[in-house]
Amino acid sequence: MEKTMVELLRERRSIRRYTEEAVPEESLKQILQAGLLSPSGHNAKPWEFIVVRDKETLNKLSQCREGSAEMLKGADCAVVVLGDEEKTDVWTEDCSAAMMNMHLTASSLGVGSCWIQGRLRTVNGESTETVVKNILGFPDHYRLEAILSLGMPAVHPEARKLEELPEARIHWERF
């Protein structure tokens, strides 16, 4: 029996440690397809994905922001998500939807992933976007949203329990 979406959401966890095993090519294609199938305002689809498999480049990207990017050193690959700010003013929301679809799809396929926020982050006083742009050389009108690290999980955290959900944050009709 297939899992429900809520079960997939409960089981999805950020994975920051990976084995040496490569992400299967078919799984990577499905993860990328999930990003391309994401909804976007006015169907603008402002995203561009850069797939990074080169270990030297992954190591450089691991230093692109203060904390939280080290897992790229051990990742098999990463997907850098860019938004075309000339297409829409809601590129950040649209690219976030693409990131989430890829994140969930990776989990459903047994691939570990971690969302590494790039937008509005810095390293050594320089914007993460500038650092990543210098490494990958993307055009000026593309803006960095985030990087999705991908690898086969070295750890398997427990799924979240439904009773742990903060239902007090749900307000019916009024706050």
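How far apart are the end C-alpha atoms over residues 9-62, and what share of the chain there is helix and strand? The end C-alpha atoms are 27 Å apart, and the chain is 41% helix and 11% strand. Helices (H or I, at least four residues) and strands (E, at least two) are DSSP runs, numbered from the N terminus. The model is predicted: local features need pLDDT of at least 70, side-chain atom pairs count only at pLDDT 80 or more, and totals for chains, interfaces and linings use all residues. Residues are numbered from 1 along each chain as its sequence is written, and side-chain values use heavy atoms, without hydrogens and water.

Residues 66-151 are 31% helix and 33% strand. The end C-alpha atoms of this span lie 21 Å apart. An unreviewed UniProt entry annotates residues 9-62 and 66-151 as "domain: Nitroreductase". Such annotations may be inferred rather than shown by experiment.

Gly-67 sits in the loop between α3 (55-61) and β2 (77-84). Its relative accessible area is 45%, so Gly-67 is partly exposed (between buried, under 20%, and exposed, over 50%; 1.4 Å probe, protein chains only). Gly-67 and Glu-2 are 65 residues apart in sequence and 37 Å apart in space, C-alpha to C-alpha.

The largest pocket is lined by 17 residues. A pocket is an open set of points on a 1 Å grid over the protein atoms alone, where a 1.4 Å probe fits, with protein on both sides within 12 Å along at least five of seven lines; lining residues have an atom within 4 Å of a point. Glu-11, Arg-13, Ile-15, Ser-107 and His-156 lie nearest the centre of the largest pocket. Two or more lining residues come from each of α1 (5-11), α4 (91-108) and β3 (112-117).
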